[in-house]
Every structure is written in C-alpha cells, then in structure tokens.
Amino acid sequence: RFLSLVQECEYGEALKVLRKIRRAVKGRGCSKEAFGGLRALLHHLLEGYASAGRLPEALELLSDMKKGAEGRLVSAAAFNAVLRGLLARGALDEARSVVRKAMPEMGVHENEASLNLLMDTAARAGPAHADEAWDVLEEMQNKGWRADKYTVSILTKGINERSDRRRGAGAPRGVELVERFLCEQPNDVDEVLVNSLLDVFCRMGDMARLESTLAKMREYNIRGSAVTYGTIVKAYGRAGNIEKVDQAWEEMKREGLEANPVTYGCMLDACVKCGHLDKALQVFSLMKQRGLHKNTILYATLIKGFAKSKDPSAARELHAEMVREGVPCNVVVFNSLVDACVRANDQQGAAEVLKQMAAVNVQPDLITFSTLIKGYCSNGELQKAIELSYELQNRGLECDEIVYNSLLEGCVRVDNGLYLGWQFFNEMWQRNVRPSSVTFSILVKLLSRAGRLDDAIKLVSQYMRTVYGVPPTRMVWSCLITCAVKARELHKA
C-alpha cells in the first residue's frame, strides 16, 4: 500500500503509513531486518518528495528522524535518494543546496554516490552549468573516488574550443580532466567515451591528443566501431593528411567493419578536403553500388570538390544527376554550383544558377550573394556587384564584412573607385560591421592606386588602432610596403 501511495503522489498518506511502520519497528526491538525494510521505504518516500518538488518536506522528515532513535537512518544513502529525485526533475540549485548545506548541517558527509549525482545533475543542466560539473569531477578525482563514466561521456560531448581554460593557454580544462579519467579509471573507459573524446579533438584540430587517445584505446583493447573510424577519417581530412585518411580506412576494413552512410560521408569529405577528388569519386561509386548515395550532403560535398578544382561543367553534371535521382537540392548545393562557376570566371553560369534557384523555390542566402558579388568584383563588373548588394538588402539580408570587402576590392579594380570605395567603408562602419585587417589592406591598395600613399600610411600608422580599434597586422604592413615600392617611394617603404 505504501508504494502505491508514493507512486500516486499521495505523500501525506504515505507519511502516515511510514510513521505506523516506524512505531512497529520500535516495538520489535529495532532488528536489523526491520531497520532494513524501514530504510528502503524511507528512501522511496524521500525520492518521491524530491521528484515532486517537495524538498522541504523531505528535509523536515530527515531532521525529525535525526532527533529520534532512528538517527542512523539519516545517512548519505538517504540524502542520495533525495538527490535522485532532484536529478529526475533537473533541480540543480536544490541538489547543490542538499550536498553543500543540508548534509553538513545534519552531520552527514557526502559520499561517492552523492557527488556523482550532483555531477550528473549539473551535466544535464546544460552548457551554462558545465563548469560546476567539471568542478565536481575534479573534486572526486582529488578524493580518489570513481566518477560515473556515463556522466563523463555527457560532459565530454560538450567540450569545445571555448571551454574553460583555467590554466590559460593549452587544452580546455575538461580535456585534461577526461584524460585524467582515462588514466585513473581504465576499466570504465569504453568506446562511447573514446568516440566523444576523439570528436572533441577532431573539432579542435588537436591531432597529437587524438593520436594519444587512439594509443590508449589500443592499450585498453577497446575495439572501435564504424563511428570511431569515421571520426578519425574526418579529423585527418581536416588536417589535410590523405595518407592517414587512407590508413584509417584500410584499418577499418581489416577490422571487418562495414562503412555506414555517415562513415562514407566522412571519407568522401576527407578526400575532397585533401584535394583528392578522384578518390572521393571512387568512394561515391562504392556508395552507388550499395544504394547509399542518394543524399544531398554527399552531392554537395562532391560539387564543392569540383568547385575547388574549377570545373563548373562537372559540377553541373552532378547537379543534373541529383535531379534525375530525385535527390533534393538545397541552398548549400546551389551555393557550391555558384562557387564552381565563379572560381572558373564563369559569371554567366553563376547567374544561371541563381535563376535555377528561383525556379525550384530555393531562396538564395547571404553566401549566395556574397559569392556572386565577389565574382563580379573580381571580373571588374562592379556595377553588377552593387546591384546584387541592393537586391541582397531588399530580401531582408544584411551585408557582412565579406560582402563589403568584395565591394572594396571591386573599387580597387576600376578607375576612379576611391570615392565609391570610401562610401562603402563609411556605410560599413555606420552599420556596425567591424572591419578587419583584410579590410584595411584593401583600403591601402585603394588609396595607393589613387596616388594617395601618404593617406594610406596615415591610415595604418595613426587611425587603424586609435579610431577603428583594429591593430595593424603583418599583412597590412606588408601591403603598405608593397604599395610604396610600386609607387617608387622606396624611402617610405
């Protein structure tokens, strides 16, 4: 009956039953068996209270028992029952209060389970509370207690380049704590945790740590999955190391693992990033044989590869194949097609792609317009670029630094472009689009081309830092020196 009352959230009635049981237990001389049964019922009620948002009643019950003959029931285990209820409700503030305040006030020391529950609650409370979870993990490690591997895996997935760096430069603090976990709790290290850590290093581009983790994985005889190898392939692809990409792919096959669509996608992307389009096409051919190729992202990746190799014809053929295969074409695909045309100096082809987008009701985004504007500016067709910038804004989009830099570069390429270029720069500044060192390098070229080298020197040496808050970089100084040399002002250079 007691358990039914708790499940039905009839906590008042459940408490009455518990009090009757407490009196009965006292009447039987408080045997070990009786106390064991009472403890189990108490924990059940405490967890129910906490999960229902009735923490004060749970603490009041514990305080009442602490004063009586049942004080030994007020233990870390009882508080852990409360913490389990708070974890189910995601009540981090209350969980913290229980561990850091209520337990000490009742003379109860937290144990390994207490801190694991607090760490889990903090980990599940979202990125804003990740630091607290890491604090608890570090506290446990310093006490020599075992941390829950599932919670550590959750925390690991949340590590990014902006994670807390308590020691300044170097790896995020979370990385160091997880690496410590790997060393101190080798029996708790599994493929899930390793995959999470490998993914972190892939995103960070930290190949040394990735390889160190792989060494630990082999040392602990943890067998990788297709997911593991997909991450390894992706990491080496981002690093531009095609040899390591091939090695990981071959090792996966030796392990008897069959690539899944995600792993194939990682391999395809890695080959493209490494500039080996031929290998990417071989992988894509294997996917076709298995019927795994009808995927928008895969086609977009290959089209990007053809864009990098300045082959718009092949990119268009692949797009036509997508249409025949019934694969949806999104804005990423069309942007890659535009990029392929622009890189090959085929502005007419790029304009045709824009029309195709309208025909299938795919709305161009900022990247679409930015790529087209850059192409027109590079081709000396500044007026068309300006018209596109107006259309961009008419669609509710805002010019960013890349668009303005392209327009400024277009002004450098036309006669008498200084006035118009300076108008764009002022507009950029007024719209709170922060200029970069690239912007100022273009302005230096713009001023120098107009025969105003002294103004370019003054812009860099005086105004960049003081007025615009951008410190001159080596790139800007090099551009200024080059312009001085071209102007045959060697003493100024």
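Biologist: Let us begin with lysine 355: buried or exposed?
Modeller: Lysine 355 is exposed, since its relative accessible area is 53%. Here buried means under 20% relative accessible area, exposed means over 50%, and partly exposed lies in between, with a 1.4 Å probe and protein chains only. Please note that this is a predicted model, in which local features need pLDDT of at least 70 and side-chain atom pairs count only at pLDDT 80 or more, while totals for chains, interfaces and linings use all residues. Residues are numbered from 1 along each chain as its sequence is written, and side-chain values use heavy atoms, leaving out hydrogens and water.

Biologist: With which residue does lysine 355 form a salt bridge?
Modeller: The partner is glutamate 352, and the closest N and O atoms are 3.7 Å apart. A salt bridge here is a side-chain nitrogen of Lys or Arg within 4 Å of a carboxyl oxygen of Asp or Glu. Glutamate 352 is partly exposed, at 32% relative accessibility.

Biologist: How many salt bridges does a search of the whole structure find?
Modeller: The search finds 37 salt bridges. One of them joins the side chains of arginine 100 and glutamate 139, at 2.9 Å from N to O. Arginine 100 is in helix α6 and glutamate 139 in helix α8, so this pair ties together parts that are 39 residues apart in sequence. Arginine 100 is partly exposed, with 40% relative accessibility.

Biologist: And what joins aspartate 246 and lysine 279?
Modeller: Their side chains also meet in a salt bridge, 2.4 Å from N to O. This pair links distant parts of the chain, as aspartate 246 is in helix α14 (residues 242-254) and lysine 279 in helix α16 (residues 277-289), 33 residues apart. Aspartate 246 is partly exposed at 23%, and lysine 279 is partly exposed at 24%.

Biologist: Back to α8, then. Which of the residues in α8 are buried?
Modeller: The buried residues of α8 are Glu132, Ala133, Trp134, Val136, Leu137, Met140 and Gln141. The buried residues of α8 pack against α6 (92-105), α7, α9 (149-157) and α10 (173-184).

Biologist: What should the helix α8 span?
Modeller: Its 14 residues (130-143) should span 20 Å at 1.5 Å a residue, and the end C-alpha atoms are 20 Å apart, which agrees. The expected span is 1.5 Å times one less than the number of residues. Just after α8, glycine 144 takes a positive phi of about 80°.

Biologist: What is the phi of asparagine 221?
Modeller: Asparagine 221 has a phi near 55°, a positive value in a residue other than glycine. Most residues other than glycine have a negative phi. Asparagine 221 sits in the loop between α12 (207-219) and α13 (226-238) and is exposed, at 71%. Asparagine 432, not a glycine either, has a positive phi of about 60°. Asparagine 432 is found in the loop between α24 (418-430) and α25 (437-449), and it is exposed at 72%.

Biologist: A new topic: what does arginine 89 touch?
Modeller: Leaving aside residues up to four places away in sequence, arginine 89 touches Ala50, Ser51, Ala52, Gly53 and Glu94; a contact means heavy atoms within 4.5 Å. Arginine 89 is 38 residues from serine 51 in sequence, with 5.6 Å between their C-alpha atoms. Arginine 89 belongs to helix α5 (residues 76-89).

Biologist: Finally, what is the mean pLDDT of the protein?
Modeller: The mean is 88, and 89% of the residues reach 70 or more. pLDDT is the predictor's confidence in each residue, from 0 to 100. Over residues 165-169 pLDDT stays under 50.

Methods: Helices (H or I, at least four residues) and strands (E, at least two) are DSSP runs, numbered from the N terminus.
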